[in-house]
Amino acid sequence: MISIVIPALNEGRHIGSCLDSLLACQRDGVDVEVILVDNGSTDNTVDMARGKGIKIVRAPRSHSISELRNMGAGQAKGQMLAFLDADIKVPADWLTTAYGYFEQGFSGIIGFSDHPPEDAPWVGKAWNMKNWDPRPGEQNVDYLPGRNLMLPKTVFDGLKGFDPDLPTCEDKDFTLRAHWQGIELLKISGFPLIHMGVEQTLGEFIKKEFWRQSNALPLAFKSGFKARALRVPVLGLAHLACLLAMMAVLWPPPALIPGTCLFIGWVLPSFGLSFSRKTIRQSPMALCRVWLLTFIRWHVTGLATLRGLGPCLKALAFNH
């Protein structure tokens, strides 16, 4: 049996499409249970799920997404677990394709690339372009986003689930721990999973990134400051430091060569992180949009990292 766990809070806008796509891809000969773990929704999320015959687990509001996923896994009857966000729409062959890997002996964690809807605004399309590759393929990675994962329940139990102390970055923590323990992580591209809940505006993007990255430093602290976990907070703080340096030298205006070098050092890392065959294949404008969002994102990450400094210092003081 495969147990599909969906955490939800006021997901009435997308949950119907998500569940319909799941019900359409159930595989003959394989038992499937879908568990919606509701975090105190006040809209029609639970009613819609109940109307489709979905198992409901009610959780008091204000639980973290880690706790919701763990609750669902605790109620699961299947020997296989799939974690799916309520704003993901899967294709009809998703379950057959994913389960096929495990039938052939794969014993790690699988995640699929996804892409935004066709009618998504430019912010959602540009930022989520990096997650989508239309060419079929497989890639071994060290991190998979939590919005669609499939793995044996024995692997989940061995990792002791998602960390409830991390309100965000919980999927990075979970999959990095798996990678460091030698568990294979496989990213599969070419299957049209649709991420319906992409960012609609630049303001929403900034707000979400600040929230997402607010636990990047606690994650690095938890990992013992391993280089892979430090990458995000270090890059964020570096961009913030460059911004402050640029502001410091604006007046009096710097000499041409030093000022140009500082400016290039400020903008070039984000351009390098944005540059890929996927963005180039789209258009120069697509590359510029991805660069702009990446540039903004790293500064927001720097601010979020500073916010996470307090809990880390308290944890250090407590440990000593």
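In which loop does phenylalanine 225 lie? In this predicted model, phenylalanine 225 lies in the loop between α9 (216–222) and α10 (227–248). Its relative accessible area is 41%, so phenylalanine 225 is classed as partly exposed, the range between 20% and 50%. The backbone of phenylalanine 225 has a positive phi of about 60 degrees, although the residue is not a glycine.

Cysteine 169 also has a positive phi, of about 65 degrees, and is likewise not a glycine. Most residues other than glycine have a negative phi. Cysteine 169 is found in the loop between α6 (153–158) and α7 (170–180). With a relative accessible area of 11%, cysteine 169 is buried, because that value is under 20%.

## Overall architecture

The protein contains 13 helices and 9 strands. Its radius of gyration is 21 Å, close to the 20 Å that the globule rule gives for 320 residues, so the protein is as compact as a globular protein of that length. Along the principal axes, the C-alpha atoms fill a box of roughly 70 × 55 × 40 Å. Among contacts between residues at least 6 apart in sequence, 77% join residues at least 24 apart.

## Surface, burial and charge

Of the 320 residues in the protein, 50% are buried. The accessible surface comes to about 15,200 Å², and carbon and sulfur atoms account for 61% of this area. The protein carries 33 positive and 29 negative charges, whose mean positions are 5 Å apart.

## Helix α1 and its cover

Helix α1 spans residues 15–24, and its buried residues are Ile15, Gly16, Cys18, Leu19, Ser21 and Leu22. Both strands and helices contribute to their cover. The strands include β1 (2–8), β2 (32–38), β4 (80–84) and β5 (88–89), while the helices include α2 (45–51) and α4 (94–103).

Histidine 195 is found in strand β9, which covers residues 185–195. Its relative accessible area is 7%, which is under 20%, and histidine 195 is therefore buried.

Which side chain makes a polar contact with the side chain of histidine 195? The partner is the side chain of aspartate 87, at 3.2 Å. Leaving aside residues up to four places away in sequence, histidine 195 touches Asp87, Ile88, Asp114, His115, Pro116, Pro117, Asn128 and Arg147.

Terms used
Residues are numbered from 1 along each chain as its sequence is written. This is a predicted model: local features need pLDDT of at least 70, side-chain atom pairs count only at pLDDT 80 or more; totals for chains, interfaces and linings use all residues. Side-chain values use heavy atoms; hydrogens and water are left out. Helices (H or I, at least four residues) and strands (E, at least two) are DSSP runs, numbered from the N terminus. The radius of gyration is taken over C-alpha atoms; the globule rule is 2.2 Å times the number of residues to the power 0.38. Buried means under 20% relative accessible area, exposed over 50%, partly exposed in between (1.4 Å probe, protein chains only). Contact means heavy atoms within 4.5 Å. Accessible areas come from the Shrake-Rupley method with a 1.4 Å probe; for residues, only the protein chains shown count as cover. Lys and Arg count as positive and Asp and Glu as negative; His and the chain ends are not counted. The place of a charge is taken as NZ of Lys, CZ of Arg, CG of Asp or CD of Glu. A polar contact is a pair of N or O atoms within 3.5 Å; within protein, one must be able to donate a hydrogen and the other to accept it, and residues adjacent in sequence count only if both atoms are side-chain atoms.
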